[in-house]
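Subject: Structure for you to look at

Hello,

I am passing on the structure we spoke about. Please open it alongside this message.

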Amino acid sequence: MVETKDITKSFGSLQVLKGIDLSIQAKEIVAIVGPSGAGKTTLLQIIGTLDRPQSGTIRVNGIDPFQLNEKERAAFRNRHIGFVFQFHHLLPEFTALENVMIPALIAKRKYDEAVGKSKELLFFLRLDDRMNHKPSELSGGEKQRVAVARALINNPSVVLADEPSGSLDTQNKEELHDLFFELRKELGQTFVLVTHDMNLASLADRIINLKDGKIVNYELRN
């Protein structure tokens, strides 16, 4: 599903990643943990093709996205990779439904198909009564569930989540954590989660501990 080999990345004289070998299987939920500055977000951005490694290779479904040109890579990212960030990054002028639809329309799916799929996801995420509300009319937990629906709209191979519950209160954190595992069960979704929340990490199939740009240990949870 996702495989990296000897990934390195530097910013000036600072080497952030120092040879990362990682393999993630379909339907797996993997948590990447470690102290601030360990390289967690940089690794997630490289897996998501938002940043390019200095050396090494990455494959998603057997394809090296960095062998594609910029336009092809953007299309690959839109189709194969979903993103959930700490802050939802919803567009304030659009409704929940419209926010979810955007990646599908970028992928040039038919409008009616995008509407139908978005409604299906919002219903599944228990947001069917909120789909015509704008982000300013939603709670923090509702906004993050809309962001999850948006990440899922194109049936991605993997969803990458960077501190997805970091801005939520305890109840909404627990609900979001449960949702990831419900989505794996019902949709067969693969997740890679960067988190400081050890309650979330402890639920994952594997914990990958990153320190000083290196994987220092794997911990199999299930």
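Below is what was found in it, taken by topic.

Please keep in mind that this is a predicted model.

Nonpolar cores

The largest nonpolar core has 39 residues, and L122, V146, V148 and F180 have the most contacts inside it. At least two residues of this core come from each of β3 (29–33), α3, α4 (111–124), α5, β6, α6 (170–187), β7 (191–194) and α7 (198–201). The element that gives the most is α5, with six residues. As for F180, its contacts beyond the neighbours within four places in sequence are I29, V148, P164, F191, L193 and L200. There is also a second, separate core of 26 residues, with I7, V16, L22 and I24 among them.

Helix α1 and L43

L43 is in helix α1, which covers residues 40–47. Is L43 buried or exposed? Its relative accessibility is 2%, so L43 counts as buried. With neighbours within four places in sequence set aside, L43 touches L17, I20, L22, I32 and L210. One of these contacts, I32, is 11 residues away from L43 along the chain, with 9.5 Å between the two C-alpha atoms.

Strand β5

In a regular strand, side chains alternate between the two faces of the sheet. In β5, I81 and F83 point one way, while G82 and V84 point the other way. All four of these residues are buried. β5 pairs with strand β6 (residues 158–162) in the parallel sense, over four bridges. Opposite I81 stands V158 in β6.

T95 counts as buried because its relative accessibility is 12%, and the cut-off for buried is under 20%. Apart from neighbours within four places in sequence, T95 is in contact with M131, N132, H133 and K134.

Largest pocket

The largest pocket has a volume of about 460 Å³. Which residues lie nearest its centre? They are N78, F83, P103, I106 and R150, out of a lining of 20 residues. F83 is also one of the buried residues of β5. α2 (70–80), β5, α3 and α5 (140–152) each supply at least two residues of the lining. By class, the lining has 13 nonpolar, five polar and two charged residues.

Regards

Methods:
Residues numbered from 1 in each chain as written. Predicted model: local features only at pLDDT ≥ 70, side-chain atom pairs only at ≥ 80, totals over all residues. Heavy atoms only, no water. Buried < 20%, exposed > 50% of the residue type's maximum accessible area, 1.4 Å probe, protein only. Contact = heavy atoms within 4.5 Å. Pairing = 2+ DSSP bridges. 1 Å grid on protein atoms, 1.4 Å probe; cavity = no way out; pocket = protein on both sides within 12 Å on 5 of 7 lines; lining within 4 Å. Points joined across faces, edges and corners; volume = space filled by probe spheres on them. Nonpolar A, V, L, I, M, F, W, Y, C, P; charged D, E, K, R; others polar. Core = buried A, V, L, I, M, F, W, Y, C linked by side-chain atoms within 4.5 Å.
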